[in-house]
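This report goes through one protein model, starting with the ligand and moving on to a helix and a few single residues. Keep the structure open while reading.

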Amino acid sequence: MNIKQAITSRRSVKHYDPTHTMTDDEINELMEHAILSPTAFNIQHWRFVQVQDKDKRQQIEDASWGQKQVTESSLLLILCADLNAWEKQPERYCRNAPQEVQDFLLPAIEDYYTNHHQAQRDECMRSTSIAAMNIMLMAKGMGYDSCPMDGFDFDKVAKIINLPHDHIINMMITIGKKKIEARSRAGQLALSDVFLTDSF
Ligand SMILES: Cc1cc2nc3c(=O)[nH]c(=O)nc-3n(C[C@H](O)[C@H](O)[C@H](O)COP(=O)(O)O)c2cc1C
């Protein structure tokens with residue numbers, strides 16, 4: 001499947017075959033591609049939690065107002081991010097770069113994020129959202145369907161996965177073998193409504 005086909009055929013699927021299992025190799029292949037998505041300063045803020053435990057899955061379904069896709073999907077991913085990733089051994093993020101790049105980047109990271117809590121959070125959301133799209137398109141290319149989700153109680157899910165105090169949850173993604181087709185698109189805006197040139 002080429003990129004255009006993956007983009008046009010990806011839909012949010014809400015009903016999966018609950019008997020299907022994704023192999024560890026498939027999950028690894030998916031996630032190895034997730035972590036190729038771009039992040040500001042290459043900080044790679046994302047932390048992905050796959051929920052395999054059946055009891056936890058049920059608890060998360062309950063915290064998602066009973067959305068069955070949470071337990072019926074083959075893979076449930078919770079896309080989290082570390083708000084303080086920018087200050088945790090930042091030399092990791094450019095260790096293979098030339099020395100002059102490292103000399104520029106490390107002070108730049110410190111300057112950009114220190115005491116800038118909004119920027120720290122925004123960057124986490126940007127990084128995980130871009131990774132989410134990589135995951136959904138990669139899943140499509142691997143013969144799977146997916147659904148991004150924010151219809152859940154974030155505090156409850158944070159508790160269930162023992163989210164560290166300096167991490168946040170952006171969204172969840174369910175992935176599996178489609179049992180029921182997505183409905184036809186609900187109402188796309190015209191390109192001319194959302195695509196502008198030079199100014200609003
Ligand atoms: C951030 C986000 C949160 C969403 N949350 C849910 C959700 O909780 N449950 C659900 O069934 N669909 C959810 N969706 C899917 C949207 O309903 C869907 O993307 C939208 O209707 C467009 O349909 P399409 O993805 O098939 O093109 C979410 C989508 C996004 C991007």
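## The ligand shell

Strand β3 (residues 145–149) contributes the most to the shell around the ligand, with 3 residues. The model is a predicted one. The residues around the ligand are Arg10, Arg11, Ser12, Lys14, Gln67, Gln69, Cys147, Pro148, Met149, Asp150, Gly151 and Arg185. Sorted by class, this shell has 3 nonpolar, 4 polar and 5 charged residues.

For Arg10, a polar side-chain atom lies 3.0 Å from a ligand oxygen. In the side chain of Gln69, an N or O atom is 3.2 Å from an oxygen atom of the ligand. With Gly151 the polar atom belongs to the backbone, and the distance to a ligand oxygen is 2.9 Å. On its own the ligand has 620 Å² of accessible area, and the protein covers 63% of this.

## Helix α3

Helix α3 spans residues 54–63, and its buried residues are Arg57, Ile60, Glu61 and Ala63. Seen down the helix axis, these buried residues fall within an arc of 160 degrees, so they line one face of α3. An α-helix has 3.6 residues a turn, so residues three or four places apart point the same way. Asp55 and Asp62, on the other side of α3, are exposed.

What do the buried residues of α3 pack against? Their partners are the helices α4 (69–72) and α7 (154–160), together with the strands β2 (75–82) and β4 (167–176). At the N-terminal end, α3 is capped by Asp53, which has a side-chain oxygen 3.2 Å from the backbone nitrogen of Asp55. Just after the helix, Trp65 takes a positive phi of about 55 degrees.

## Glu61

Glu61 is found in helix α3. Is Glu61 buried or exposed? Its relative accessible area is 4%, and residues under 20% count as buried, so Glu61 is buried.

The side chain of Glu61 makes a polar contact of 3.3 Å with the side chain of Lys68. Setting aside neighbours within four places in sequence, Glu61 is in contact with Gly66, Gln67, Lys68, Val70 and Thr71. Of these, Gln67 is also one of the residues around the ligand.

## Thr174

Thr174 sits in strand β4. Its relative accessibility is 0%, so Thr174 counts as buried.

Which side chains make polar contacts with that of Thr174? One is the side chain of Tyr16, at 3.0 Å. Another is the side chain of Gln69, at 2.8 Å. Gln69 also belongs to the residues around the ligand. Beyond four places in sequence, Thr174 touches a number of residues, among them Val13, Val70, Ser73, Leu75 and Leu76. Its contacts also include Asp145, Ser146, Cys147 and Met149, and strand β3 covers residues 145–149.

## His15

His15 is found in the loop between α1 (3–9) and α2 (24–34). It has a relative accessible area of 35%, so His15 is partly exposed.

Along the chain, His15 and Glu72 are 57 residues apart, and their C-alpha atoms are separated by 7.2 Å. Glu72 is also in contact with His15.

Definitions and conventions. Residues are numbered from 1 along each chain as its sequence is written. This is a predicted model: local features need pLDDT of at least 70, side-chain atom pairs count only at pLDDT 80 or more; totals for chains, interfaces and linings use all residues. Side-chain values use heavy atoms; hydrogens and water are left out. Buried means under 20% relative accessible area, exposed over 50%, partly exposed in between (1.4 Å probe, protein chains only). Helices (H or I, at least four residues) and strands (E, at least two) are DSSP runs, numbered from the N terminus. The arc is that of the directions from the helix axis to the C-beta atoms. Contact means heavy atoms within 4.5 Å. A polar contact is a pair of N or O atoms within 3.5 Å; within protein, one must be able to donate a hydrogen and the other to accept it, and residues adjacent in sequence count only if both atoms are side-chain atoms. A residue is near a molecule or strand if one of its heavy atoms lies within 4 Å of it. Accessible areas come from the Shrake-Rupley method with a 1.4 Å probe; for residues, only the protein chains shown count as cover. Ala, Val, Leu, Ile, Met, Phe, Trp, Tyr, Cys and Pro count as nonpolar, Asp, Glu, Lys and Arg as charged, and the others, Gly among them, as polar.
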